[in-house]
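I opened a new structure today and kept short notes. Here is what I looked up, in order.

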Amino acid sequence: MRFKEFKVLEISLEDLVNSEAAIKNLKHGLEDGIAFKIPHQIPINFIKDFQKTLLSSLSYEDPGYIERKFGCPNNYRVHWDHSKQATKGKFMSWSFYAWNKESTELFDNFKNIYILRNRLAGLSPNKYLDLDDKDFAARIAAQFYPSGVGYMDEHVDPFNVHQFAIPTILLSDYGVDFHKGGVYVLDSNDKPFFIDRFLNFGDLFLFHTSIPHGVDVVDSDVNLDKSKKMGRLMMIAAVNALTNQKSFQSSTKNE
């Protein structure tokens, strides 16, 4: 599948999740290669506070891998072209799980994004949020790509029963926090379309998982400055297999 065009949906997230017809139309558009920006009513101040909390904990020291199993703690990782990365890249990541009390406010505010994801996949609205499933988990995943080095190789996300499209929120300002590179999708001519250039801080967007995409080196013309927090930050509404699940794939570690 290849990217076809970028559109702004004419219905808000909050109305979308309650409309069978709107979900059906969105799904058809995604299957046709359209990438969408979806208006929403998630408080912008909450999103800004979330951004500040993430950046305040930013570090280049990797605390090490924590096994992704039911009940595990929220955690932070530094992905720096490790040999075990399924998709090569240089970025930092945060993981927040619904079973941890400190994640409650996050999941309360971002709940409709997961409901959207579930409805697109034909699942019950609260699937993975209700913690009944012990093989897969809802994970609020944030990723930071520092200016000068941050990137992720081009790839296609694995299609699964729970994964039709991956809703993402941009937590940076293009043209302020970073000026070049960022997330792209490939069109039918294998030409990259840079989505960030059409977004503002806090915007929600998504595209079909089968479209090849990646993160082009952020601000490739500057040198990495670890004293600054310039770069591209985003939040992904992810669902991942847990290590007790027999079909667990290492590729899910990069989502």
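**Entry 1: Arg232 and its partner.** The model is predicted, and I kept that in mind throughout. I began with Arg232, which is buried, at a relative accessible area of 0%. I then looked for its partner. Arg232 makes a salt bridge with Asp196, with the closest N and O atoms 2.5 Å apart. Arg232 sits in strand 12 (residues 231-241) and Asp196 in the loop between strand 9 (192-194) and strand 10, so the pair ties together parts 36 residues apart in sequence. Asp196 is buried as well, with a relative accessible area of 0%.

**Entry 2: Asp177.** I moved on to the loop between strand 7 (168-170) and strand 8 (182-186), where Asp177 is found. Asp177 is buried but has no salt bridge. Which side chain of opposite charge is nearest to Asp177? I found Arg232, 9.9 Å away. The Asp177 side chain does reach the backbone nitrogen of Asp173, at 2.6 Å. Leaving out residues up to four places away in sequence, I noted that Asp177 touches Gln51, Ser147, Ser172, Asp219, Met230 and Gly231.

**Entry 3: helix 2.** Next I checked the length of helix 2 (residues 20-31). Its 12 residues should span 16 Å at 1.5 Å a residue, and the end C-alpha atoms are 17 Å apart, which agrees. I listed its buried residues: Ala22, Ile23, Leu26, Gly29 and Leu30. Seen down the axis, the buried residues of helix 2 fall within an arc of 125 degrees, so they line one face. They pack against helix 1 (13-16), strand 2 (34-38), helix 4 (104-120) and strand 10 (204-206). On the face turned away from the buried side I found the exposed residues Glu20, Lys24 and Asn25. Just after the helix, Gly33 has a positive phi of about 95 degrees.

Entry 4: I counted 9 salt bridges in the structure. One joins the side chains of Lys4 and Asp32, at 2.9 Å from N to O. Lys4 is in the segment before strand 1 (5-8) and Asp32 in the loop between helix 2 and strand 2, 28 residues apart. Lys4 counts as exposed at 51% relative accessibility, while Asp32 is partly exposed at 39%.

Glu20 pairs with Arg119, with the closest N and O atoms 2.6 Å apart. Arg119 is buried, at 17%.

How values were computed
Residues are numbered from 1 along each chain as its sequence is written. This is a predicted model: local features need pLDDT of at least 70, side-chain atom pairs count only at pLDDT 80 or more; totals for chains, interfaces and linings use all residues. Side-chain values use heavy atoms; hydrogens and water are left out. Helices (H or I, at least four residues) and strands (E, at least two) are DSSP runs, numbered from the N terminus. The expected span of a helix is 1.5 Å times one less than its number of residues. Buried means under 20% relative accessible area, exposed over 50%, partly exposed in between (1.4 Å probe, protein chains only). The arc is that of the directions from the helix axis to the C-beta atoms. Contact means heavy atoms within 4.5 Å. Lys and Arg count as positive and Asp and Glu as negative; His and the chain ends are not counted. A salt bridge is a side-chain nitrogen of Lys or Arg within 4 Å of a carboxyl oxygen of Asp or Glu. A polar contact is a pair of N or O atoms within 3.5 Å; within protein, one must be able to donate a hydrogen and the other to accept it, and residues adjacent in sequence count only if both atoms are side-chain atoms.
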